[in-house]
Amino acid sequence: MKNIIKTVLLVALSGAFITGCGEKQSQQVAKQDTQTFKWNLVTSWPKNFPGLGQTPEVFASLVNDMSGGRLKIKVYGAGEMVPGFEVFDTVLSGTAQMGHSAAYYWKGKIPASSFFTAVPFGMNAQETNAWLHYGGGLELWQKLYKPYGIIPLAGGNTGLQFAGWFNKEVNSLDDLQGLKMRVGGIGGEVFKAAGGLPVNMPGGEIFSSLQSGALDAAEWVGPYNDLAFGFNDAATYYYHSGWQEPSANLEFLINEQAFNELPKDLQAIVLTAAKSAHANTIDEYTAKNSANLAILLEKHNVQLRAFPPELMAQFKQISLEVIEKMAAEDDSGTINEVWQSYKTFYDSIKPYHELTEQAYLNNR
Ligand code: CA
C-alpha cells in the first residue's frame, strides 16, 4: 500500500513537474514567436541579375516564408549599399548580417579561399558539392573564415563556365602573350603563368572595359549571364572550352554573432533555406544556358570557338604547376591543407566518375 501511494505521489509530482516545464516552454516559444529580426544581405552582383542575383532572392524569400515573417532579409545589389568587392568586410563589420558572393574575391585576404570557388581542371559541380558536404570541404572553409567571425555556406553553383570572349582567335599560347583578360581566382594565376595579363573586376565593369579596349578579353560565366551583360556587342569570338572554372561555387556569408543571436528554429531556417537556394542555382543555369547560347549564335551572330586540344593540354600542365607552387610557397600552410583535401577527394572520386558519368555522357 505504501508503495502504491509512493508511486501515485511520484506520478503526480512528475506530472506537475512536466506541466510546469510545459508552461515554461510554451512561454519561451511564445516569446520566440513574437521576436522579429531584420537583416541586410549585400551581394557582388547587380540586383536581380540572372542566376547569381536570383540565389540570394530565393534564399530571402524562403526565409521569410518559413519563419512566418520573423526573419526578414533585405537583399542589396552591388553598389546599392557597398561595392561588389566589399561584401566580405561589410559582413565582418556587421553592417550587413549576410552576404552573397564568390570566395575567390577574398584571395588577397585569405589566399586559400580561391579553392572554394573554382579550381582549373578541377571538380565539376556535383563533385564539388560532394567534397564540401561529405568530404570535409565545408569544415575547412568555415575554419578559414572563423578568425573573421564569418560563417561561409555554399551559395549555388553555376556549373561549367565558358572560356570567355575574345576579339581575335586563340590557337596557341603565342596568341595569349600580353593579352589583358578579365579572369579571376586560380584561373587568373594560371593565365598569368601562361603569359597573359589577368585583371580582376566585378561583372558590372566588364562590358565598358571590353568596349573601351581596357580589356582585350574577358570570361564571366556562360551564355545565361554573358548575354545579360551584352558581351556579344563588345567581342566577336566566344570560346566554350572552359578550363578555368569547371564549376564555380558561390557563397553565402553569415556574420557569426548575428547568427548566434537567432533562436534555434530561425538558425535552422537560415541553414535550410541556404541549402535549398544553393541546390536551385544549378537547376536555373542548366535550364537557361542552352536557350541563351542559341540566342547568342542565331540572333547576335556570335562566333563559337574551342581551344585546340594542344592548348588545353598546356593549360592543364600549367594549372597543376601553378597550384602546386601556390601550396608550396604559402607560409601559413592553409593553401596546402585545402589543396590536399581537395586533391585527395578528387583523386578518389575521379575513377568512379570515369566509369559512370563520363562513360554515360560519351554513350548517350
Ligand atoms: Ca568566371
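Analyst: Please note that this is a predicted model. Your questions may be taken in turn.

User: What makes Gln161 (OE1) and Trp220 (O) donors of the calcium ion?

Analyst: The protein donors lie 2.2 to 2.6 Å from the calcium ion. Along the chain, the donors follow the spacing Q-x57-E-W-x24-E. Trp220 and Glu245 link distant parts of the chain, 25 residues apart. Trp220 is in the loop between strand E8 (217–218) and helix H8 (223–228), and Glu245 is in the loop between strand E9 (237–239) and strand E10 (249–255). Both Trp220 and Glu245 are buried.

User: Why is Asn48 called partly exposed?

Analyst: The relative accessible area of Asn48 is 42%. Buried requires under 20% and exposed over 50%, so a value in between is called partly exposed. Asn48 belongs to the loop between strand E1 (37–43) and helix H2 (54–66).

User: How do you know that Asn301 counts as exposed?

Analyst: Asn301 has a relative accessibility of 56%. Exposed means over 50%, and therefore Asn301 counts as exposed. Its place is the loop between helix H10 (264–298) and strand E11 (303–305).

User: What is the phi of Asn48, and what is that of Asn301?

Analyst: Asn48 has a positive phi of about 65°, and the phi of Asn301 is near 50°, also positive. Most residues other than glycine have a negative phi.

How values were computed:
Residues numbered from 1 in each chain as written. Predicted model: local features only at pLDDT ≥ 70, side-chain atom pairs only at ≥ 80, totals over all residues. Heavy atoms only, no water. Donors = N, O, S within 2.8 Å, 3.2 Å for Na, K, Ca; no water. Helix = DSSP H or I, 4+ residues; strand = E, 2+ residues; numbered from the N terminus. Buried < 20%, exposed > 50% of the residue type's maximum accessible area, 1.4 Å probe, protein only.
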